[in-house]
Amino acid sequence: LRAITIVDFRRLSKDPKEACLKIKDKIDLLNEQSYTRRQEGIAAWTSSEVVRTYLELMHESLNGKPLPDAIAARVAAKKPALTADEFRAVSELSRQLRY
């Protein structure tokens, strides 16, 4: 999970919600082994390029930059960027993984 790049994330499914569901399924599988393994999986996922990019976009939007502008700026700078749909899907997955 830690090694998943944005390209890998997109390879999981064309639909970001489906890709996030696959990530959640992997974490749920770890949970069947033990709660500790689940926590390790979540920690690995949160250090992935996908989540780091999500957090960077979130930070920019919280500092007053509209999300579409933040995404466009990252694309223009040739930095890894999520689409708006991917951003929303990762946001929803983050909410599901917390409790």
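Colleague: Let's start with Thr-53: does that residue count as buried or exposed?

Modeller: This is a predicted model, so please read everything I say as computed from it. Thr-53 has a relative accessibility of 2%, which is under the 20% limit, and therefore it counts as buried.

Colleague: Which helix does Thr-53 lie in, and what does Thr-53 touch?

Modeller: Thr-53 lies in helix 4. Leaving out residues up to four places away in sequence, Thr-53 touches Ile-6, Arg-74, Pro-80, Ala-81 and Leu-82.

Colleague: Staying with helix 4, at what angle does it cross helix 6?

Modeller: The axes of helix 4 and helix 6 cross at roughly 105 degrees and come within 10 Å. Since an angle of 65 to 115 degrees counts as roughly perpendicular, that is how helix 4 and helix 6 are described.

Colleague: Which residues make that contact, and how many of them are charged?

Modeller: On helix 4 the contact is made by Val-50, Tyr-54, Leu-57 and Met-58, and on helix 6 by Phe-87, Val-90, Ser-91 and Ser-94. By class, the contact of helix 4 with helix 6 has six nonpolar and two polar residues, and no charged ones.

Colleague: Which residues of helix 6 are buried, and what do they pack against?

Modeller: The buried residues in helix 6 are Glu-86, Phe-87, Ala-89, Val-90, Ser-91, Leu-93, Ser-94 and Leu-97. These buried residues of helix 6 pack against helix 1, helix 2, helix 3, helix 4 and helix 5.

Colleague: And how far apart are the end C-alpha atoms of helix 6?

Modeller: They are 20 Å apart, which agrees with the 20 Å that the 14 residues of helix 6 should span at 1.5 Å a residue.

Colleague: Switching to another pair, how do helix 2 and helix 3 pack?

Modeller: Helix 2, residues 16-33, and helix 3, residues 35-46, pack with their axes 5 Å apart and at an angle of about 150 degrees. That angle makes helix 2 roughly antiparallel to helix 3. Helix 2 contributes Ile-23, Ile-27, Leu-30, Asn-31 and Gln-33 to the contact, while helix 3 contributes Tyr-35, Arg-37, Arg-38, Gly-41, Ile-42 and Trp-45. By class, the contact of helix 2 with helix 3 has six nonpolar, three polar and two charged residues.

Colleague: OK, charges next. How many salt bridges are there in the whole structure?

Modeller: A search of the whole structure finds eight salt bridges. Among them is the one between Arg-11 and Asp-8, whose closest N and O atoms are 3.5 Å apart.

Colleague: Where do Arg-11 and Asp-8 sit relative to each other along helix 1?

Modeller: Arg-11 and Asp-8 are three residues apart in helix 1, residues 6-12, and so they are separated by about one helical turn. Arg-11 counts as exposed at 65% relative accessibility, whereas Asp-8, with a relative accessible area of 28%, is partly exposed.

Colleague: Which side chain does Asp-85 meet in a salt bridge?

Modeller: The side chain of Asp-85 meets that of Arg-88, at 2.5 Å from N to O. Asp-85 and Arg-88 are three residues apart in helix 6, and thus separated by about one helical turn. Asp-85 is partly exposed, with a relative accessible area of 47%, and Arg-88 counts as partly exposed at 48% relative accessibility.

Colleague: And what about Glu-92 and Arg-95?

Modeller: The side chains of Glu-92 and Arg-95 meet in a salt bridge too, at 3.0 Å from N to O. Being three residues apart in helix 6, Glu-92 and Arg-95 are separated by about one helical turn.

Colleague: Last topic, the loops. What is the phi of Lys-78?

Modeller: Phi of Lys-78 is near 60 degrees, a positive value in a residue other than glycine. Most residues other than glycine have a negative phi. Lys-78 lies in the loop between helix 5, residues 67-76, and helix 6, residues 84-97, and it counts as exposed at 76% relative accessibility.

Colleague: And where is Asp-15 found?

Modeller: Asp-15 is in the loop between helix 1 and helix 2, and it counts as partly exposed at 38% relative accessibility. Asp-15 and Ala-89 are 74 residues apart in sequence, and their C-alpha atoms are 9.2 Å apart in space.

Terms used: Residues are numbered from 1 along each chain as its sequence is written. This is a predicted model: local features need pLDDT of at least 70, side-chain atom pairs count only at pLDDT 80 or more; totals for chains, interfaces and linings use all residues. Side-chain values use heavy atoms; hydrogens and water are left out. Helices (H or I, at least four residues) and strands (E, at least two) are DSSP runs, numbered from the N terminus. Buried means under 20% relative accessible area, exposed over 50%, partly exposed in between (1.4 Å probe, protein chains only). Axes are lines fitted to C-alpha atoms, for helices over the stretch in contact, and angles run from 0 to 180 degrees between N-to-C directions. Angles under 35 degrees count as roughly parallel, over 145 as roughly antiparallel, 65 to 115 as roughly perpendicular and the rest as oblique. Contact means heavy atoms within 4.5 Å. Ala, Val, Leu, Ile, Met, Phe, Trp, Tyr, Cys and Pro count as nonpolar, Asp, Glu, Lys and Arg as charged, and the others, Gly among them, as polar. A salt bridge is a side-chain nitrogen of Lys or Arg within 4 Å of a carboxyl oxygen of Asp or Glu. The expected span of a helix is 1.5 Å times one less than its number of residues.
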